[in-house]
Amino acid sequence: HWTKTSSTSHYHVVASNHVSHSISHSCDPGEATKLLYDLLYTEPIKIVLMPGCSGVSTLVAEAARMWNLIVLSYGSSSPALSNRQRFPTFFRTHPSATLHNPTRVRLFQKWKWTRIATIQQTTEVFTSTLDDLEQRVKEAGIEISVRQSFLTDPAVAVKNLKRQDARIIVGLFYETEARKVFCEVYKEKLYGKKYVWFLIGWYADNWFKIKDPAINCTAENMAEAVEGHVTTEIVMLNPETVRGVSNMTSQDFLAALMSRLGGKNPEETGGFQEAPLAYDAVWALALALNKTVAPLKARGRRLEDFNYNNHDITSEIYRALNTSSFEGVSGQVVFDAQGSRMAMTLIEQLQGGSYKKIGYYDSSQKNLSWFGNDVWIGAGPPADRTVVIEEYRFLSQKLFAAVSVFAGLGILLGIVCLTFNIYNGNVRYIQNSQPYLNNMTAVGCMMALAAVFPLGIDGHHVHRSQFPVVCQFRLWLLGLGFSLAYGSMFTKIWWVHTLFTKKDEKKEKKKPLEPWKLYATVGVLLGIDFLSLVIWQGVDPLHITVEKFTKEAPKKDLDVLVQPLLEHCSSEKMNTWLGVVYGYKGLLLLLGIFLAYETKSVSTEKINDHRAVGMAIYNVAVLCLITAPVTMILSSQQDASFAFASLAIVFSAYITLVVLFVPKMRRLITRGEWQSEQQDTLKTGSSTNNNDEEKSRQLERENRELQKIIQEVKTNSSALDRTLECSLIPQEGV
């Protein structure tokens with residue numbers, strides 16, 4: 001309440017000890033209600049109420065308008081009080097708790113954190129603060145991944161933070177609950193180099209050292225758990241040495257306050273930090289009351305005329321407070337449109353058991369003053385989550401190199417076989433093996449062997465954007481290579497079975513083998529594969545897909561998880577396409593085995609290597625039928641899958657080339673058949689490449705011989721005619 005102390009128009013506010021203690025420090029809204037009733041209905045008339053904490057201020061400020069009373073608080077930080085519709089006559093020299101939030105967001109951005117967690121005590125002040133923080137971090141692109149709350153026991157909330165891998169944690173609770181929280185934090189090991197806690201800065205400096213019967217942690221446990229946490233605190237004491245309206249610097253004020261305490265430890269004195277705010281609140285009210293004297297006098301009014309129904313005097317006091325601006329011991333005192341104090345924020349960090357100033361932040365100017373003395377347990381600020389490192393699994397380069405060497409040698413072998421077959425194409429033994437089909441087999445084997453190289457190429461060799469091209473090479477080389485190599489062998493065995501497995505043994509002479517039918521059969525098989533690949537790639541082309549495996553924790557750093565990844569060539573309906581292709585190829589392989597078995601006892605010179613073809617088909621079919629399902633099962637194991645697939649290709653190609661061509665080479669070398677055939681060719685002057693050409697040459701020779709005979713007959717006939725004529729002439733003369 002106020003009293004007149006001189007004949008001048010200056011008034012001073014005198015706070016009753018009883019009122020100050022009861023309303024400001026006990027923070028009990030129920031008791032505050034009783035005291036408010038007593039104050040309003042006992043003399044003298046009150047003109048201003050000055051509650052302390054937020055809970056009491058909320059009750060008092062909401063009721064005060066009914067009695068036209070101004071409310072000025074020095075210790076209320078609840079964001080809910082920044083509401084002019086609900087609290088039309090409320091002012092405070094203590095800034096709103098939301099003033100911490102711009103500072104917190106700025107620090108999150110400075111340390112590049114985009115994911116935070118929160119834990120709060122369930123009270124209005126902290127709920128409102130957290131709602132404001134949630135809005136601000138959302139605007140800054142920062143996610144609140146975990147939001148926990150508790151009423152009295154924080155054990156479950158802390159366990160949930162641990163379980164959900166919270167790293168950057170904002171704690172909003174009173175000092176007594178802070179000790180409970182950090183006792184649980186110690187038990188859950190939610191501290192250390194991986195964690196950063198943000199707390200409110202208005203706790204006593206030794207709050208974690210105070211013995212509290214409500215917790216079962218030692219002072220050493222608490223000190224270990226709280227080390228390194230960061231606090232944001234409203235600047236409540238002017239950091240500059242300037243004399244304000246009270247003619248005292250902030251240091252003068254502290255000295256006077258310490259003398260009043262009589263040597264009592266400030267850290268153990270409740271409200272010690274808010275003392276400058278309370279002092280400036282009294283000055284703000286005194287200056288505002290003085291400012292109302294002249295306007296009221298012009299209306300013929302005085303402050304002494306105030307009563308609970310007088311709105312005009314209340315409006316003048318409100319106007320005077322709203323325009324306040326002076327230098328106090330807590331800094332520049334000015335109120336915003338909501339009646340809240342505007343101030344800077346002090347940033348501190350607990351280092352070695354004591355708080356160190358590490359910066360200031362002016363939210364109005366968005367200016368961060370950083371001292372650069374922040375200390376971290378690790379190499380720097382921790383990550384805001386468990387760092388997940390994506391690590392691609394690549395094929396073993398030693399395995400790839402080894403298989404590539406075998407594939408390369410196989411291609412050289414194929415070139416040798418192809419060259420041999422072409423060079424000796426005029427040899428009758430080679431001609432009777434259908435050399436053109438054998439050439440196709442050699443080319444197909446080389447294409448299949450060439451597919452081993454793109455099969456082993458992955459992200460270690462090419463960029464991901466080029467990987468679909470590698471996928472296409474794999475598919476086309478292997479698909480067309482198989483069609484040429486196996487298709488040509490299948491064609492031979494098919495026609496041998498068709499022509500020479502009848503009961504009539506003379507069938508061979510009656511129905512000669514026509515080569516164009518062989519080529520047409522290979523063309524049909526190749527065309528089916530080509531068409532199916534075109535449709536597949538046109539409808540559902542291959543592209544790169546990435547398979548994710550279970551995250552792995554490396555032994556060196558527990559704060560890092562490795563996410564293994566593996567690249568695959570795939571399409572949207574990969575299983576469907578593979579089912580169609582494998583089904584068709586599988587039937588061909590099984591049919592090839594059957595035909596090879598059926599023709600094993602057939603003997604014919606038209607396709608003299610059909611038994612070798614049958615043996616090659618046996619080996620190729622067995623390898624393919626085993627490898628195809630195994631590689632599908634092992635698709636997630638890149639080394640095993642590549643080894644099975646590539647070695648099956650290599651062995652199939654080697655077996656085919658060796659079985660088909662090596663016996664021919666051996667026969668021609670040991671028997672020297674290619675020499676006699678070449679000599680025959682030089683003598684006749686003709687070179688035959690296949691059975692049709694040989695027959696044609698034979699017919700031509702026979703035709704020439706017949707023409708000579710006819711010519712001789714004609715010559716003899718002419719001679720006989722002339723002889724006959726000569727013998728008839730003398731007879732006519734007689």
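Which backbone oxygen does the side chain of Ser 250 reach? The oxygen is that of Asn 238, at 2.8 Å. That makes a polar contact, meaning a pair of N or O atoms within 3.5 Å; within protein, one must be able to donate a hydrogen and the other to accept it, and residues adjacent in sequence count only if both atoms are side-chain atoms.

## Before you explore

This is a predicted model, in which local features need pLDDT of at least 70 and side-chain atom pairs count only at pLDDT 80 or more, while totals for chains, interfaces and linings use all residues. Residues are numbered from 1 along each chain as its sequence is written, and side-chain values use heavy atoms, with hydrogens and water left out.

## The chain as a whole

The protein chain holds 23 helices and 18 strands. Both are DSSP runs numbered from the N terminus: helices are H or I with at least four residues, strands are E with at least two. Of the 734 residues, 46% are buried, where buried means under 20% relative accessible area, exposed over 50%, and partly exposed in between (1.4 Å probe, protein chains only).

Contact here means heavy atoms within 4.5 Å. Among contacts with a separation of 6 or more, 71% are between residues 24 or more positions apart.

## Around Ser 250

Back to our opening residue: Ser 250 lies in helix α9 (residues 250–261). With a relative accessible area of 3%, Ser 250 is buried. Leaving aside neighbours within four places in sequence, Ser 250 is in contact with Leu 237, Asn 238, Glu 240, Val 242 and Val 329.

## Parallel strands and their crossovers

Let's follow some strands next. Two strands pair if DSSP finds at least two bridges between them. β6 and β7 run parallel and are joined by 7 bridges; Ile 119 has Gln 148 in β7 as its bridge partner. Right-handed means that, with the strands pointing away from the viewer, the path from the first strand over the helix to the second runs clockwise.

Strand β8 (residues 168–172) is joined to β9 by 3 bridges, again in parallel, and Ile 169 stands opposite Trp 197 in β9. β9 also pairs with strand β10 (residues 230–234) in the parallel sense over 3 bridges, with Thr 231 in β10 as the bridge partner of Leu 199. Right-handed β-α-β units are made by β8, α7 and β9, and by β9, α8 and β10. Because 5 of the 5 residues of β9 are buried, this strand is largely enclosed by the rest of the structure.

## Helix α7

Helix α7 (residues 175–188) has 14 residues and reaches 20 Å from its first C-alpha to its last, close to the 20 Å expected at 1.5 Å a residue. The expected span is 1.5 Å times one less than the number of residues. Its buried residues include Glu 177, Arg 179, Phe 182 and Tyr 186. What covers the buried residues of α7 includes β6, β7, α6, β9 and α8. After α7 comes Lys 189, whose phi is positive, near 55°.

## Listed transmembrane regions

An unreviewed UniProt entry lists several transmembrane regions, among them residues 576–597 and 642–662; UniProt positions are given in the numbering used here, feature names are shortened, and annotations may be inferred rather than shown by experiment. Over residues 576–597 the chain is 100% helix, with end C-alpha atoms 32 Å apart. Residues 642–662 are also 100% helix, and there the end C-alpha atoms are 29 Å apart.
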